[in-house]
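Please look through the sequence and the model shown here before reading on. The paragraphs that follow take the parts in turn.

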Amino acid sequence: MKRRDFLKLAGAASLAGCATVTPAKARVVVVGGGYGGATAAKYIRLWDPAIDVVLVERDAQFISCPMSNLVLGGFTGMQDISRGYDGLRQRGVQVLRDEVTAIDAAKRSVRLASGSDLAYERLVVSPGVDFLFDEVEGYSAAMQSGNVLHAWKAGEQTTALRRRLESMADGGVYILSIPTAPYRCPPGPYERVSMVAAYFKQAKPRSKVLVLDANPDVTSKGPLFKRAWEDLYKGIIEYRGNVKVVAVQPGAVRTDFDTIRGDVLNVVPPHRAADIAAKSGLITTNNRWCDVDWRTMESKAVKGVHVLGDATLSAAGMPKSGSMANNHAKIAAAAIVELLNGRTPQPVKIINTCYSFVAEKEAIRVSSVHEWDGSTLQPVKGAGGVSAARSEAEATYAWNWARTIWADSLT
Ligand SMILES: Cc1cc2nc3c(=O)[nH]c(=O)nc-3n(C[C@H](O)[C@H](O)[C@H](O)COP(=O)(O)OP(=O)(O)OC[C@H]3O[C@@H](n4cnc5c(N)ncnc54)[C@H](O)[C@@H]3O)c2cc1C
């Protein structure tokens, strides 16, 4: 349904594009070339090639968080989860390797770290998250000295965490601390501990995985994860709910009640919409998230700016996921094409699917459908659901999902 809706919209937009004489090309600037921004840049060009699209991304390449937990298990490599931006360039997107340091919504321009300003008619902001390091005492110092890692943005920290796991002696303890929801990728931490446990089972069978979860219980696909842990990693994974890490120190984390020693400390700090959203007045809620109009993804705080992905204040039942960011991007792209052609955007139905590996070759899935109810997007009752059981088939679908979404976003 979702794909058909988008294709219909895309068809309508390009037909209208042919019929309309566009006096001057409009320019859309996109901040961030991750799951949301790359997809928005591509689809605006696809649905109306008369619009100039400039994508500003500070990193040289796209590195996917989805599938990065498999790197930690040693089941895939960084090169398998990294992609370049040439596919977008071939679509006519101008990709600038730079950083947006400020947004001037009144002048409709952004400031680049390299010094110049870029004017826009519409701005798309999909910058992901930044971490609230100060909420965990000692975090910044411990991170600088290499005593703690988050690896919650795929890249150098993913490689560093894999190295730490490889160099840990058999019999060591790996600690993963999970912040209170909402955080990026609800099932991501539970997939991560499954991957680390799968590695330990093969390579360091006396080692332990200790999960300290600030949430009362596993926040996504709970019964499926717990079944896998019981069947595959009994005696390796220990899960503790309602345990919030408040401080890190050399070789240990501190909770409100205890100091717990570990050999590899993987503490994911609480996070919020990324710094550029915070600096630009886009954050509306709890000092953390950006509320949007779900028909267009336009910010409720700053007109002309469309916010996507993890930075948004999630609608009911909506996870912070790459799958959602990719769908947000299509809502925004369709709306921007309509607005720049003088038409009224229509609400769009979207879908989320998140796969999680529980073993090298077994995975589980959760999906949901979200539709406009007159004021927001709501989960469609009876649509979506979770896998009946973990399976090798789901693992094949998971890899296919990843390769498909990378191609959909970047080529
Ligand atoms: C371990 C892990 C596993 C995950 N697994 C899954 C999964 O299986 N399925 C799934 O759907 N989701 C998964 N996710 C979640 C997914 O990664 C995020 O939801 C998704 O990346 C959000 O997309 P985004 O566009 O909001 O942000 P991002 O993809 O993080 O992109 C933001 C981009 O903006 C750039 N940027 C930021 N600020 C600026 C600036 N000022 N100027 C220029 N560039 C800037 C950044 O460099 C970055 O490239 C996982 C996440 C983690 C951590």
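In which loop does D310 lie? D310 is in the loop between β21 (305-307) and α10 (322-340); helices here are DSSP runs of H or I with at least four residues, strands are runs of E with at least two, and both are numbered from the N terminus. This is a predicted model, in which local features need pLDDT of at least 70 and side-chain atom pairs count only at pLDDT 80 or more, while totals for chains, interfaces and linings use all residues. Residues are numbered from 1 along each chain as its sequence is written, and side-chain values use heavy atoms, with hydrogens and water left out.

D310 has a relative accessibility of 8%, so D310 counts as buried. The term buried means under 20% relative accessible area, exposed means over 50%, and partly exposed is in between, with a 1.4 Å probe and protein chains only. Setting aside neighbours within four places in sequence, D310 is in contact with G128, V129, R184, W289, K320 and S321, where contact means heavy atoms within 4.5 Å. Two of these contact partners of D310, W289 and K320, also form a pair of their own: K320 lies over the face of W289, at 3.9 Å from the ring centre. A charge sits over a ring if NZ of Lys or CZ of Arg is within 6 Å of the ring centre and within 35 degrees of the ring normal. R162 gives another case, with its charged end over the ring of Y199, 4.2 Å from the centre.

Between them, 10 residues of domain 1 are in contact with 11 residues of domain 2. The area buried between the two domains is about 950 Å², and carbon and sulfur atoms give 58% of that area. Buried area is the accessible area (1.4 Å probe) that two parts lose on being put together, summed over both. On the domain 1 side, F131, R288 and K320 lose the most area to domain 2, together 65% of what that side buries.

Next come the aromatic rings. Rings of Phe, Tyr and Trp (its six-membered ring) pair if their centres lie within 6.5 Å; planes under 30 degrees apart count as stacked, over 60 as edge-to-face and the rest as tilted. By this rule there are 9 aromatic pairs. In one of them, the ring centres of Y190 and F225 are 5.7 Å apart and the planes are at 55°, so the pair is tilted. Y190 belongs to helix α7 (residues 188-203) and F225 to helix α8 (residues 222-232), so this pair ties together parts that are 35 residues apart in sequence. Y190 is buried, at 0% relative accessibility, and F225 is buried at 0% as well. Ring pairs also join Y190, F225, W229 and Y239 into a cluster.

How many disulfides are found in the whole structure? The search finds 0, a disulfide being a pair of cysteine sulfur atoms within 2.5 Å. For C65, the closest cysteine sulfur is that of C185 at 8.3 Å, which is too far for a bond. The sulfur of C354 also has C185 as its closest partner, at 5.5 Å, again too far for a bond. C65 is partly exposed at 25% relative accessible area, whereas C354 is buried at 10%.

L149 lies between α5 (139-144) and α6 (156-167) and is buried at 9% relative accessibility. Beyond residues up to four places away in sequence, L149 touches several residues, among them Y139, L161 and L265.

The backbone has a few points to note. The peptide bond from A181 to P182 is cis, with omega near 5°, and P182 is in the loop between β11 (173-178) and α7. N286 is not a glycine, yet has a positive phi of about 55°; N286 is exposed at 63% relative accessibility. M297, also a residue other than glycine, has a positive phi near 70°, but M297 is buried at 0%.
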